[in-house]
Amino acid sequence: MKKIVGDFMIQINQYDIEMLKNINEQRAWEIFPVFLDHNPDLCVCRSCVLDVMAITLNSLPPCYHSEEHNMSAARNKVSDEEIYRKMKEAYLIVKERPRHD
């Protein structure tokens, strides 16, 4: 079994899999500073920020592309406003039940 996994990894490694990007994740990180400006009471500790982003991204459909210039395809599926709304919902969840001290 180990050999099969090893051979499989050899096959994957011939491709530049790091070029696969979830465009909606990239867009969410780009929107986050604006969101933070509008929500200054958001705790910016590592746990809270990552929890907000994880909840946000889990509520959005993934939109994987192999080239970054395909942003327009992602925008056709989910608007920036929708990402912002999902981020607000996530923020309220994290604010209500933060996981930090």
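Predicted model: local features only at pLDDT ≥ 70, side-chain atom pairs only at ≥ 80, totals over all residues.

User: What makes the link between the side chains of Asp-51 and Arg-99 a polar contact?

Analyst: The side chains of Asp-51 and Arg-99 are joined at 2.7 Å. The cut-off for such a pair of N or O atoms is within 3.5 Å, and the 2.7 Å value meets it.

User: Where does Asp-51 sit, and why is Asp-51 called buried?

Analyst: Asp-51 belongs to helix H3. Its relative accessible area is 14%, and buried means under 20%, so Asp-51 gets that label. As for Pro-98, it is 47 residues from Asp-51 along the chain, with 8.6 Å between the two C-alpha atoms.

User: And His-100: why is it called partly exposed?

Analyst: His-100 has a relative accessible area of 32%. Buried would need under 20% and exposed over 50%, so at 32% His-100 lands in between, hence partly exposed. You'll find His-100 in the segment after H5.

User: What does His-100 touch, leaving out residues up to four places away in sequence?

Analyst: Three cysteines: Cys-43, Cys-45 and Cys-48. There's also Ser-47, 53 residues away along the chain, whose C-alpha atom is separated from that of His-100 by 6.4 Å.

User: Which residues have the most contacts inside the largest nonpolar core?

Analyst: Those are Phe-32, Leu-42, Val-52, Ile-83 and Met-87, in a core of 16 residues. Helices H2 (23-38), H3 (46-58) and H5 (80-96) each give two or more residues to this core. H5 supplies the largest share, five residues.

User: What is Leu-42 in contact with, beyond its neighbours within four places in sequence?

Analyst: Phe-32, Phe-35, Leu-36, Val-52 and Tyr-91. In general, nonpolar side chains in soluble globular proteins tend to be buried together.

User: Zooming out, how many helices and strands does the protein chain have?

Analyst: Five helices and two strands, running α-β-α-α-β-α-α along the sequence. Of the 101 residues in the protein chain, 28% are buried. The chain exposes about 7,300 Å², with carbon and sulfur atoms supplying 56% of it.

User: What share of contacts between residues at least 6 apart in sequence join residues at least 24 apart?

Analyst: That share is 83% for the protein chain.

Definitions and conventions: Residues numbered from 1 in each chain as written. Heavy atoms only, no water. Core = buried A, V, L, I, M, F, W, Y, C linked by side-chain atoms within 4.5 Å. Buried < 20%, exposed > 50% of the residue type's maximum accessible area, 1.4 Å probe, protein only. Helix = DSSP H or I, 4+ residues; strand = E, 2+ residues; numbered from the N terminus. Contact = heavy atoms within 4.5 Å. Areas by Shrake-Rupley, 256 points an atom, 1.4 Å probe, with all protein chains shown as cover. Polar contact = N/O pair within 3.5 Å; in protein donor to acceptor, adjacent residues only side chain to side chain.
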